[in-house]
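Take a look at the structure below. We will go from one whole chain to a single residue, and then to the contact between chains.

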2 protein chains.
Amino acid sequence: MGGNFADRVIAATRRLGPLCVGFDPYPEQMAALFGPPGSDAIAAFGRALVECCAGRVAAVKPQISLFERFGAQGFETLTGFCEHARAAGLLVILDAKRGDIGATANAYAEAYLGPAPVLHADCVTVNPLMGRDSFEPFVAAAGRMGKGVAMLIRTSNPGAADLFDAQTAEGPLWTRIARLLAPAEARLRGNSEYSSLMAVMGATVPAEARRLREILPHALILAPGYGAQGASAMDALAGFLPGPKQADGRIRPEGGLVNASRSILYPPGAAVAGSRAAWQDIISSAIGAAQADLAAAVV
Amino acid sequence: MGGNFADRVIAATRRLGPLCVGFDPYPEQMAALFGPPGSDAIAAFGRALVECCAGRVAAVKPQISLFERFGAQGFETLTGFCEHARAAGLLVILDAKRGDIGATANAYAEAYLGPAPVLHADCVTVNPLMGRDSFEPFVAAAGRMGKGVAMLIRTSNPGAADLFDAQTAEGPLWTRIARLLAPAEARLRGNSEYSSLMAVMGATVPAEARRLREILPHALILAPGYGAQGASAMDALAGFLPGPKQADGRIRPEGGLVNASRSILYPPGAAVAGSRAAWQDIISSAIGAAQADLAAAVV
């Protein structure tokens, strides 16, 4: 898994499609299968999920807060999940949404991206509110290590309109964030035409995702909000670009990852599956359905 | 330490002044005193610091990233630091700058503020970029638990101008953030005239801090940037309000905390102090100097 993060994402998504499975573990919902809620249950849940994903999806996105709430043990479990997922060939996007400055930002960047990370991810989500000194340390670490950094540019939640869409003289605030990131996008270009700078662009705002391409033509996109939050495959892929012509003569959108969490982890019947094997069948079906839905979206 | 966070801050700062000691541990700089860099060294550093602060300052602010970089052990050390500081009567402001939505935000809020926190703080710093669904879970948890939430409104770093100062039709973006928080400010009012909603307002931008009082008249202020970042005591206290007349007939500003990290933790000579006792003398002098400087600022 050497080389540039963007190149790895493009290679993986050409092979397996753009689905990224968000690992948001609520062990309370899965006690029948994985035991009493706690970090051990999350570890078992994560191992079973990785088995369903390995060789079938490009990436997984663990949500750090749901591990952190179990303290040091939760942190240990997250470390193990990331190792296990990477060993299974999955790209790991750590959903941490960190945002701080200077030495503090650098501590986060090195903890997640390396060298000698305490928690080995391929890419980490970052909150840019504090300005360029908050994202530069992550961009620098990503550049040094061949990793990625996924910057919040316009998220998919209802409250996102409060600040991201605030009108400034140059357009909505999110366009200002995107413009601030243009130098980082250029610095993190790989051998593919894409950059290891990812833009987190909600699948719920397809018009904004298309407009992003005017500002950051080479950024990878990480699109949350597909599935449970109501966005369609076409919406989720709105900011993607035409990929190469495929064997079947079709051209599919490429240039990023589409995240689905709840619709994959907690589909109907999963929590009451009679066995781990039955659970894995349900999860595998949910993965297959999302992938078929995304693959049907052609340019 | 029951009751409302704002009331506890006002009681503590009337007694001890507004100084908050930011615990940004770089054990690499302190190896001669606290042993090889790692979480054990941070634990020893933290214990020695709490001894210097107990009964002398109102609050300490540990920076979570500098613990997290040592993984699960670092998390354990942070848990111990918070317990130790609270047991010594210090208010603990956890500098986490978390920002996420829904169940994720709730997981962070419960992990830090309780009930049954994994890491027991009195207040946690929060990043509001994702809008109201990102801060509501923290405000709700603070209200339930009598805790505080310190929202980034206008930080002290150079890059803060990039987004916080972006001009919108209603004024700079930071004023929009402040207005979004007005209902939370009202909900978290205590018996004092202050609210357990804290506004993080850089000591480096005193004009903005004064203007904040028109929007959030009752918010506590957490002012970073005093000392090493160059802001004076008068700048740091710009948004504070007149306190009660004191025995000496003077009126001192109140209504929040002024943070100093590097100038307290790493004053000249500290890293090469010949013994722990000599180190504690140096740190105690730095605390005394900052307190005298802040106390000299009268309304």
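**From chain to interface**

Of the 299 residues in chain A, 60% are buried. The model is a predicted one. Chain A holds 14 helices and 12 strands. Its C-alpha trace spans about 55 × 50 × 40 Å along the principal axes. The radius of gyration of chain A is 18 Å; a compact globule with 299 residues would have one near 19 Å, so the two agree. Now the contacts. Among those in chain A with a separation of 6 or more, 70% join residues 24 or more positions apart.

Next, a single residue. A:Val57 sits in the loop between helix H3 (39-53) and strand S2 (59-62) of chain A. Is A:Val57 buried or exposed? A:Val57 counts as buried because it has 24 C-beta neighbours inside 10 Å, and the cut-off for buried is 20 or more. Which residues does A:Val57 touch, leaving aside neighbours within four places in sequence? They are A:Leu16, A:Leu19, A:Cys20, A:Val21 and A:Ile287. Take A:Val21: it is 36 residues from A:Val57 along the chain, yet their C-alpha atoms are separated by 7.7 Å.

Last, the interface. Here 46 residues of chain B are in contact with 46 residues of chain A. On the chain B side, the elements that give two or more residues are helices H4 (65-68), H5 (71-87), H6 (102-113), H7 (132-145), H8 (161-164) and H9 (173-180), together with strand S6 (167-168). By class, that side of chain B has 22 nonpolar, 14 polar and 10 charged residues.

Key: Residues are numbered from 1 along each chain as its sequence is written. Chains are lettered from A and ligands numbered from 1 in the order in which they are written. This is a predicted model: local features need pLDDT of at least 70, side-chain atom pairs count only at pLDDT 80 or more; totals for chains, interfaces and linings use all residues. Two residues are in contact if their C-beta atoms, placed from the backbone, lie within 7 Å. Helices (H or I, at least four residues) and strands (E, at least two) are DSSP runs, numbered from the N terminus. Ala, Val, Leu, Ile, Met, Phe, Trp, Tyr, Cys and Pro count as nonpolar, Asp, Glu, Lys and Arg as charged, and the others, Gly among them, as polar. A residue is buried if 20 or more other C-beta atoms lie within 10 Å of its own, exposed if 12 or fewer, and partly exposed in between; C-beta atoms are placed from the backbone. The radius of gyration is taken over C-alpha atoms; the globule rule is 2.2 Å times the number of residues to the power 0.38.
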